[in-house]
Amino acid sequence: MSDLKLAVPQDDAPPSYEVAAKPISAPAKPVPLRAPLPLDLPVLNALGGKRVILASASPRRKQLLAQIGLTNLEVIPSVVPEAFPKSLSPFEYVLQTATQKATTIYAAELNNTKLGEPALIIAADTVVVSLLGQILEKPRSETQHIAMLKSLRDTGAHKVFTAVVVMAPLESAQDPGYALQTSVEETTVRFDKEVTDDMIMAYVKTREGADKAGGYGIQGIGAILVEKIEGSFDNVVGLPLRVTLRLIEKVLDEAIDEEFTAFEDEEEA
C-alpha cells in the first residue's frame, strides 16, 4: 500500500468540531436565496422576445406562468361579459368561457400595427362546483361568503374545473388562420369537517377569498380549510402548469408544421 497521502485543499475541508459546535451569528444582512434557473426547453426558448399574451387579470395565473419562465407576459384581460348559462355542464361552461376570452383577445390584437401580432395567447377559466352540481362564483358579500364556505365544509368533496385555451396565429390565410388547443382539468377538494364556524369567520375576514371562485385560496391562508385534494394542486390555484405547457407545445408545433407545409407549396408552385 502506498504511503502517498493526498492533500485535501484547506477550503474543502470540513470545519473542526470546535468551530461547528459554536452558534452561528446572524449575518448583518439576510442572504437572498438564489432563484432557480429558467427551464431550458425549445418551446419556451422559441417564445423569447415575442408577444405572449395572458388573457386574464388573475395575478395567480401570471405568477404560475412566471414559474416556468414566461415572465414577459402582456396581461390583456377580456372585457366581454361571461354570460354563458349555468345550465351548461361545468366542463362546457369553463371551456366556452376560456375560449371566448382567448378568441376575443386574438381578434383584438391580431392587427396591432404598433406591437405586431401576438405569438401566443393563453386564456383560462376556473369554477368551483359543489357536490350538488352548483357552479360557485366569487362571493359578493360577507354573508354569502360565510354560507359558501360552510356549505363546502358540510356537503363533502367539491370539484374545481379549469379550462385552458392556447392560440397561435398561422402563416396561412386559410380559415380560421390560427392554431387552437384546449384542455379541461378536474381536481377534487375536500374540506376538513372539523373546521369550526369561528375559523371560517376568521378566514372570511382576511378577505383573501373575496376575489376567488368558491371563496378560498388553497395557495394561501385558505389551506387551513382543506383536508386533502385529488388531482392537480395548481389547477385549484387557477392554472394547471403541466397541461398548459403541453398545449403550448402542441400549438407551436402546429404553427411550425403549417409554416413548413406552406413553404413546400410555394416551392412546388
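Thr187 lies in strand β6, where helices (H or I, at least four residues) and strands (E, at least two) are DSSP runs numbered from the N terminus. The model is a predicted one, in which local features need pLDDT of at least 70 and side-chain atom pairs count only at pLDDT 80 or more, while totals for chains, interfaces and linings use all residues. Residues are numbered from 1 along each chain as its sequence is written, and side-chain values use heavy atoms, with hydrogens and water left out.

With a relative accessible area of 0%, Thr187 is buried; the term buried means under 20% relative accessible area, exposed means over 50%, and partly exposed covers what is in between (1.4 Å probe, protein chains only). Leaving aside residues up to four places away in sequence, Thr187 touches His158, Lys159, Val160, Ile229, Glu230, Gly231, Ser232, Asn235 and Val236, a contact being heavy atoms within 4.5 Å.

Zooming out, the protein chain has 8 helices and 7 strands. Of its 269 residues, 41% are buried. Among contacts between residues at least 6 apart in sequence, 71% join residues at least 24 apart. The chain exposes about 16400 Å², of which carbon and sulfur atoms supply 56%; such accessible areas come from the Shrake-Rupley method with a 1.4 Å probe, and for residues only the protein chains shown count as cover.

The structure holds 2 aromatic pairs, where rings of Phe, Tyr and Trp (its six-membered ring) pair if their centres lie within 6.5 Å, and planes under 30 degrees apart count as stacked, over 60 as edge-to-face and the rest as tilted. One of the pairs joins Tyr106 and Tyr178: the ring centres are 5.1 Å apart and the planes stand at 65°, so the pair is edge-to-face. This pair links distant parts of the chain, with Tyr106 in helix α4 (residues 90-109) and Tyr178 in strand β6 (residues 178-191), 72 residues apart. Tyr106 is buried at a relative accessible area of 8%, whereas Tyr178 counts as partly exposed at 23% relative accessibility.

In another pair, the rings of Phe191 and Tyr216 have centres 5.0 Å apart and planes at 75°, so this pair is edge-to-face. Phe191 belongs to strand β6 and Tyr216 to the loop between α6 (197-206) and β7 (226-230), and the pair links these distant parts of the chain, 25 residues apart. Both Phe191 and Tyr216 are buried.

Charged side chains provide another set of links. Side chains of opposite charge can pair when their charged atoms come close. The structure holds 13 salt bridges, each a side-chain nitrogen of Lys or Arg within 4 Å of a carboxyl oxygen of Asp or Glu. One of them joins the side chains of Arg60 and Asp211 (3.5 Å, N to O). Arg60 sits in helix α3 (residues 59-67) and Asp211 in the loop between α6 and β7, so this pair links distant parts of the chain, 151 residues apart. Arg60 is buried, with a relative accessible area of 16%, while Asp211 is partly exposed at 35%.

Lys86 and Glu137 also meet in a salt bridge (3.0 Å, N to O). Lys86 lies in the loop between β2 (74-75) and α4, and Glu137 in the loop between β4 (135-136) and α5 (142-154), so the pair ties together parts that are 51 residues apart in sequence. Lys86 is partly exposed, at 43% relative accessibility, and Glu137 is partly exposed, at 33%.

Strand β6 takes part here too. Lys159 forms a salt bridge with Glu186, with the closest N and O atoms 3.0 Å apart. Since Lys159 lies in strand β5 (residues 158-169) and Glu186 in strand β6, the pair ties together parts that are 27 residues apart in sequence. Lys159 counts as partly exposed at 31% relative accessibility, and Glu186 counts as partly exposed at 40%. Elsewhere, salt bridges that share partners join Lys150, Arg153, Asp154 and Asp197 into one network.
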